Amino acid sequence: MNQLTRRQFLAAAGGTGAALWLGACGGGSSGSSDPMKGTLEFVTWGGPAEIKAFEAIISDFEDQNPGARIRLQETPFNEVRQTVDSSLEAEQGPDLFRVTYTDFGFYAASNVLIDLSEYLPSDFSNVFTEGLRAAVEFEGAPYGVPHHTDVSAIVYNKDLFQAAGIGALPDRLEDAWSWDEFLDVSRRLRDAQTGNRTAFGMNWQLAGAFRWLNWLYAAGGSLYNSDATRTTVDSPEARKTLDMFKTWFEEDLCPDNTSLKGSYVDLIFPAQTIAMISAGSFLVPTLEADITRFEYGTTYLPQDVGMSTDLGGNAVVATQQTEKPELAAKFLEFLVNQKNMKRFCEATNLLPTRNDLVEQKLDYEIRPDIMPVFVDQSTTITPAYTRAVTVPDFTQVNNAFVDQLESFIVGDQSPEATLGNIAQEATDVVRD
């Protein structure tokens, strides 16, 4: 059977064609007629630490729920969407699957996920931080659980900062640099460097292009209005943000090869050619392994009229093709209880989404000394930001960011044309 495009899938599932995908509701579940017994198929990807943590939690769930089994189907990240889409199309969808927040909106709008409000306590969503709670909601109802997040903060080379005479860095969220202070620090770093070294590298390459929104939202701007029905990106705040980006490159604060179609900054940072980068918390284990010649630390993203960071991480969802919705919901609730979220995040260096864990100091396996910065930074994710990046077909909007911001930064495209083109693409994906 030919694979339909995701846009065709969305069009079919969103209207009367939904029965094409959901009519048989075969799912991957099997076993007893008892709704709380049987086998659930769980499609996920993950590194060794993540898979090990999933397996431990699943083992505990099975021990506590005799007759229930969770069968983990490990799939490479770059194959997950095709695997899930194809199985849903064939009416053999998994009971559960892991999904990025930026893909969540596609599946929620496609009418293939379970509305969990029918199966979970009415106040269940209140345990999560406001921004992450919004990340798994569609039309006001929860269609998944926010399993964890990861966000960007500043990672810096302590030796290069010392050489530039830059002493204490902000160690509290409320003391984060202003944009002007950030530019001052960047200029001092640039002026102190020898050879082919620059001050800063932004982690917005290709699929990460949406991270430019961190700066837009900090400036008081937005991509969409509060309910993500109309774009608001063409604004004075967005022009201010573009001016900041242009300054980075015009003043040689950023390497020329780190534009949106350039090199990933986390791969360059260990070579000490950049004094600081914005980097996701999920990269800490890799940075720890790759950086051997200097010490590095973390501080917060700069603030303007507000603070913001990107929505990284993943949710876990249940599909309407499961034959065991009650069991699927019970596992999701178990997966994100305080004990299990804590153990998963500590083992994998990922960030919690529960209010009671954000307020704790977790015992991370790797660099527990720097992880609290990322945890604090995660509290700056707002519901408005999460609603913007979880619209259906957000990938299409992100691709527009890549092309339009690249044309602005390395070309001669005007701010007006750049924002106008982004606004058009952002409007297309939410237009009825």
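The largest cavity is lined by Asn 214, Trp 215, Ala 218, Leu 301, Pro 302 and Ser 308, where lining residues have an atom within 4 Å of a point of the cavity, a set of points on a 1 Å grid over the protein atoms alone at which a 1.4 Å probe fits but cannot get out. The model is predicted, so that local features need pLDDT of at least 70 and side-chain atom pairs count only at pLDDT 80 or more, while totals for chains, interfaces and linings use all residues. Residues are numbered from 1 along each chain as its sequence is written, and side-chain values use heavy atoms, with hydrogens and water left out. The lining comprises 4 nonpolar, 2 polar and no charged residues.

Within α3, Glu 50, Ile 51, Ala 53, Phe 54, Ile 57, Ile 58 and Phe 61 are buried (under 20% relative accessible area, with a 1.4 Å probe and protein chains only). These residues cover an arc of only 160° around the axis, which puts them on the same side of α3. On the other side, Pro 48, Lys 52 and Asp 63 are exposed (over 50%).

Asn 111 lies in the loop between α5 (101-109) and α6 (130-135), and is partly exposed at 34% relative accessible area. Asp 393, in the loop between α17 (383-389) and α18 (394-409), counts as buried at 16% relative accessibility.

Terms used:
On a 1 Å grid over the protein atoms alone, a cavity is a set of points where a 1.4 Å probe fits but cannot get out, and a pocket is an open set with protein on both sides within 12 Å along at least five of seven lines; lining residues have an atom within 4 Å of a point. Ala, Val, Leu, Ile, Met, Phe, Trp, Tyr, Cys and Pro count as nonpolar, Asp, Glu, Lys and Arg as charged, and the others, Gly among them, as polar. Helices (H or I, at least four residues) and strands (E, at least two) are DSSP runs, numbered from the N terminus. The arc is that of the directions from the helix axis to the C-beta atoms.
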